Amino acid sequence: RNTGVRQSDLLLLRVPDFSDAEVSQEQLELGTTAVAVLYDRVHSTVEAWMSLLTTSAVIFIILSGIVLLTRDLTFLSHHLLRPLRDLADEMESIAQLQLAGVSNTEEEEVGEEAETSEVLLIRRTFGNMKKAVRSWGKYVPWPVVQLLLRAGDEAKLEVKEREVTMFFSDIANFTTIVESIEPASCLLLLSRYFNAMSKVIEDHGGVVLEFIGDAIQCIYGAPLHNESHPIYAVEAALRMLNALRRIKEWCQEQNLPEVGIRCGIHTGRVLVGNMGFHSRMKYGIVGEESTIAGRLEELNKTYKTKILISESTHNNLGPHEYFIRPVDFVHLRQVQGASSELVYEVIPMKAKRPSVVNRIISLHAEAMYEYRRLEFANAVRKFEQVNSILADVTDGDDVPSSLMIKRCGTLMGVPPPTEWDGTWDSYVDSLGV
């Protein structure tokens with residue numbers, strides 16, 4: 001024990017060797033003829049070093065595996081998982097039609113170098129889908145596309161009766177403008193005009209149904225429900241006139257003719273939805289009242305006004321701060337037995353002198369009701385007052401009041417029949433002219 005020799009360094013040898021035989025301890029003692037104890041430190045040292053090397057090799061292999069696995073996971077995260085996560089976010093944005101939150105083409109091209117070929121193929125395919133959706137939105141109103149994507153449903157032929165406010169406008173004297181400029185300039189002018197007007201409409205919750213030549217047809221209150229659609233329609237029309245001032249400045253810079261517009265607004269119940277046939281359809285409106293906004297727009301020519309609204313729209317505005325006056329009794333519905341109704345002008349005037357403008361509106365309204373009650377002498381005096389006040393305010397002739405003054409003169413000379421409904425057309429028909 002005190003020799004300094006470790007037991008593990010000693011090797012016991014027996015003669016004969018019974019290491020491979022199964023013998024008892026007694027048989028081992030009886031059968032052994034010679035015993036030797038050898039000092040084998042070198043062998044123990046070699047075995048120890050081999051064990052250490054083996055353990056080190058195993059640790060090295062494990063650490064190398066961990067490093068490689070970490071690198072693969074990092075590669076997987078950067079080149080597969082993160083791109084897939086980004087694609088998932090973009091798909092969700094597409095589903096909600098929030099295209100502003102979807103990366104653009106330039107950003108996608110920057111990231112393509114760090115993606116696997118499979119992810120790159122998915123991204124390119126998805127990019128083509130985004131272009132298709134954007135293009136789809138240029139033909140179909142965005143709210144309609146959004147509703148379809150959210151519902152996860154295919155567009156189908158379906159209309160529902162709803163109360164909406166319809167808007168129709170066109171460019172005054174557009175035929176003359178077209179004849180005076182080149183086709184390319186005409187396209188440039190229309191593009192600038194449609195872009196500015198559509199933005200105003202969409203900012204007020206409207207949906208552009210279609211462009212008809214130089215005309216714009218849109219609705220408020222569908223497909224997304226909005227209780228205040230008459231107010232938004234009137235407000236948008238006034239904003240469109242403001243936007244037109246900037247377009248006129250742009251026309252001067254481009255040496256193009258200036259443009260003016262006429263607007264008609266009507267609130268009524270129509271059928272709204274997808275119409276056409278199974279492979280080709282559009283979102284639109286149909287019904288007796290769907291054309292009234294267009295008739296109002298046309299009536300602007302008679303009164304030299306810019307915005308006319310129906311009695312229905314006026315009655316649905318509720319409390320408001322707009323300057324609105326009745327201008328005439330007309331038949332807006334082309335059906336047998338339809339009664340006459342008032343048509344109102346929305347005066348695009350800033351309230352620098354609100355008391356004066358309100359007096360104009362009040363006088364004109366009183367004159368219209370006296371006109372309807374056949375009190376033409378009283379009506380003409382008030383129409384003359386309106387015309388005189390507006391001549392001082394606008395430095396021009398007020399056509400609605402001037403027109404009514406002329407009519408009152410005619411009606412006082414040749415009174416209408418007692419059953420007269422207040423419309424000029426029915427009066428002319430009663431004379432047999």
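**Entry 1: surface patch**

Which residues form a nonpolar patch on the surface? I looked this up in a predicted model. I found that Val 58, Ile 59, Ile 62, Leu 63 and Ile 66 form the patch, and that together they have about 450 Å² of accessible area. I then located Leu 63, which has its place in helix 2, residues 41–95.

**Entry 2: the chain as a whole**

I noted the secondary structure next, which comes to 14 helices and 10 strands. The chain has 433 residues, and buried residues make up 39% of them. Its accessible surface comes to about 25600 Å², and 55% of this belongs to carbon and sulfur atoms. I also looked up contacts between residues at least 6 apart in sequence: 66% of these join residues at least 24 apart.

**Entry 3: nonpolar cores**

I recalled a general point before turning to the interior: in soluble globular proteins, nonpolar side chains tend to be buried together. In this model, the largest nonpolar core has 56 residues. Tyr 193, Met 197, Ile 261, Ile 307, Ile 309 and Tyr 371 are the residues with the most contacts inside this core. Helix 8 (residues 229–253) gives the core its largest share, 12 residues.

Which residues is Ile 307 in contact with, leaving aside its neighbours within four places in sequence? Among them are Ala 237, Leu 238 and Leu 241. I also listed Cys 263, Ile 265, Asn 300, Tyr 344, Glu 345 and Val 346 as contacts of Ile 307.

There is also a second, separate core of 14 residues, including Val 164, Ile 219, Ala 222 and Tyr 283.

**Entry 4: salt bridges**

I began with the general idea that side chains of opposite charge can pair when their charged atoms come close. How many salt bridges does the count come to? The count is 15 salt bridges. I examined several of them.

Arg 269 and Glu 161 meet through their side chains in a salt bridge at 3.9 Å, N to O. This pair links distant parts of the chain, as Arg 269 is in strand 6 (residues 261–277) and Glu 161 is in strand 3 (residues 158–171), 108 residues apart. I recorded Arg 269 as partly exposed, because its relative accessible area is 45%.

Lys 282 and Glu 210 also meet in a salt bridge, at 3.1 Å, N to O. Lys 282 lies in strand 7 (residues 280–286) and Glu 210 in strand 4 (residues 206–212), so the pair ties together parts 72 residues apart in sequence. Lys 282 counts as partly exposed at 41% relative accessibility, and Glu 210 is partly exposed with a relative accessible area of 28%.

The side chains of Arg 325 and Glu 345 form a salt bridge at 2.8 Å, N to O. Arg 325 is in strand 9 (residues 324–330) and Glu 345 in strand 10 (residues 341–346), 20 residues apart. Are Arg 325 and Glu 345 buried or exposed? Both are buried. Glu 345 is also one of the contacts of Ile 307.

Finally, I noted a network of salt bridges that links Asp 170, Arg 262 and Glu 297.

**Entry 5: cysteines**

A disulfide is a covalent bond between the sulfur atoms of two cysteines. I looked for such pairs, and the count comes to 0 disulfides. I then checked two cysteines for accessibility. Cys 186 counts as buried because its relative accessibility is 12%, under the 20% cut-off. Cys 251 is buried as well, with a relative accessible area of 0%.

Conventions
Residues numbered from 1 in each chain as written. Predicted model: local features only at pLDDT ≥ 70, side-chain atom pairs only at ≥ 80, totals over all residues. Heavy atoms only, no water. Patch = residues over 30% accessible without salt bridge, like charges linked within 9 Å, V, L, I, M, F, W, Y side chains within 5 Å. Areas by Shrake-Rupley, 256 points an atom, 1.4 Å probe, with all protein chains shown as cover. Salt bridge = Lys/Arg side-chain N within 4 Å of Asp/Glu carboxyl O. Helix = DSSP H or I, 4+ residues; strand = E, 2+ residues; numbered from the N terminus. Disulfide = S-S within 2.5 Å. Buried < 20%, exposed > 50% of the residue type's maximum accessible area, 1.4 Å probe, protein only. Contact = heavy atoms within 4.5 Å. Core = buried A, V, L, I, M, F, W, Y, C linked by side-chain atoms within 4.5 Å.
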